[in-house]
Amino acid sequence: MPAFTHAIGFDDLPFEREWRGDVRIVGTIYAQTTLHGVVSGKVRRDGRNSAAELTHLVNTCLFRPHLHLILLQGVALAGFNVVDAHKLSRDTGLPVMVVARREPDMERIRAALLDKVPGGKRKWRLIEKLGPMEELRGVYVQRVGLSIKDAGVALHHLTLTGNIPEPLRAAHLIAGGVGSGHSRGRA
């Protein structure tokens, strides 16, 4: 059983509210709390290509043979490009853990998806399929392909500063710095 010490974490670059094209995403590859690599790609704002793009980035990354886990900061990139975490796990052969600093307002997300986002019903089903978020080690998680115990082990090995695992914290910092010229610090 892997110790969940090698992970890739993804976040998206900031974008203007009215932007409707592709949004750059950043992935950082870590061995415990040491950065070993960075990848980047693009997903469509409010689109449906996030799982395919993440699968491509993970499976073609030089560090793929060492990876134990995929981390996502929330279940969507580029607005409401909801990641099909089950498909991502299946297509990469890796477990997926969604991490959030706070428990999301699921009713508000559901209403936004169903009332304002093309394909919102499908996207809401993907979120429902993940089940409720679970509080663990100061964050909230959803998981595919790993137990709650393994999720705790992964958070232990991959977290250095605060409660957010380093792959997500660094991806957020890099995305902010590249996207807006400076990072804001918190992931």
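In the predicted model, Val117 is placed in the loop that links helix H3 (106–116) to helix H4 (120–130). Although it belongs to a loop, Val117 is buried, because its relative accessible area is 11% and the limit for burial is under 20%. When neighbours within four places in sequence are left aside, the residues in contact with Val117 are Phe80, Ala112 and Lys123. The C-alpha atom of Val117 is separated by 36 Å from that of Val153, a residue 36 positions away along the chain.

A second pair of positions involves Gly120 and Arg64, which are 56 residues apart in sequence and whose C-alpha atoms are 32 Å apart in space. Arg64 itself lies in the loop between helix H1 (50–60) and strand E4 (69–73), and, not counting residues up to four places away in sequence, Arg64 touches Val58, Asn59, Thr92, Gly93 and Leu94. With Thr92, the contact includes an approach of the Arg64 side chain to the backbone oxygen at 2.5 Å.

Most residues other than glycine have a negative phi. Gln32 is found between strand E2 (22–31) and strand E3 (34–44), whereas Ala78 is found in the loop between strand E5 (76–77) and strand E6 (81–82). As to accessibility, Gln32 is classed as partly exposed because its relative accessible area is 39%, a value that falls between the limits of 20% for buried and 50% for exposed residues. Ala78, by contrast, counts as buried, because its relative accessibility is 0%.

Within the helical elements, Glu166 is located in helix H6, which comprises residues 166–180. Despite its acidic side chain, which is counted among the negative ones, Glu166 is buried, with a relative accessible area of 4%. Its contacts, apart from those with neighbours within four places in sequence, are made with Thr28, Tyr30, Thr33, Leu158, Thr159, Leu160 and Thr161. One of these residues, Leu158, is also among the buried positions of helix H5 (residues 148–158), where Asp150, Ala151, Gly152, Ala154 and Leu155 are buried as well. The cover over the buried residues of H5 includes strand E1 (6–12), E4, strand E7 (96–100), strand E8 (134–136), strand E9 (139–144) and H6.

For the protein as a whole, 6 helices and 9 strands were assigned. The radius of gyration is 15 Å, which agrees with the value near 16 Å that a compact globule of 187 residues would have, and the C-alpha trace spans about 40 × 35 × 30 Å along its principal axes. Of the 187 residues, 49% count as buried. Among contacts with a separation of 6 or more, 63% are accounted for by residues 24 or more positions apart.

Key:
Residues numbered from 1 in each chain as written. Predicted model: local features only at pLDDT ≥ 70, side-chain atom pairs only at ≥ 80, totals over all residues. Heavy atoms only, no water. Helix = DSSP H or I, 4+ residues; strand = E, 2+ residues; numbered from the N terminus. Rg over C-alpha atoms; globule rule 2.2 N^0.38 Å. Buried < 20%, exposed > 50% of the residue type's maximum accessible area, 1.4 Å probe, protein only. Contact = heavy atoms within 4.5 Å. Polar contact = N/O pair within 3.5 Å; in protein donor to acceptor, adjacent residues only side chain to side chain.
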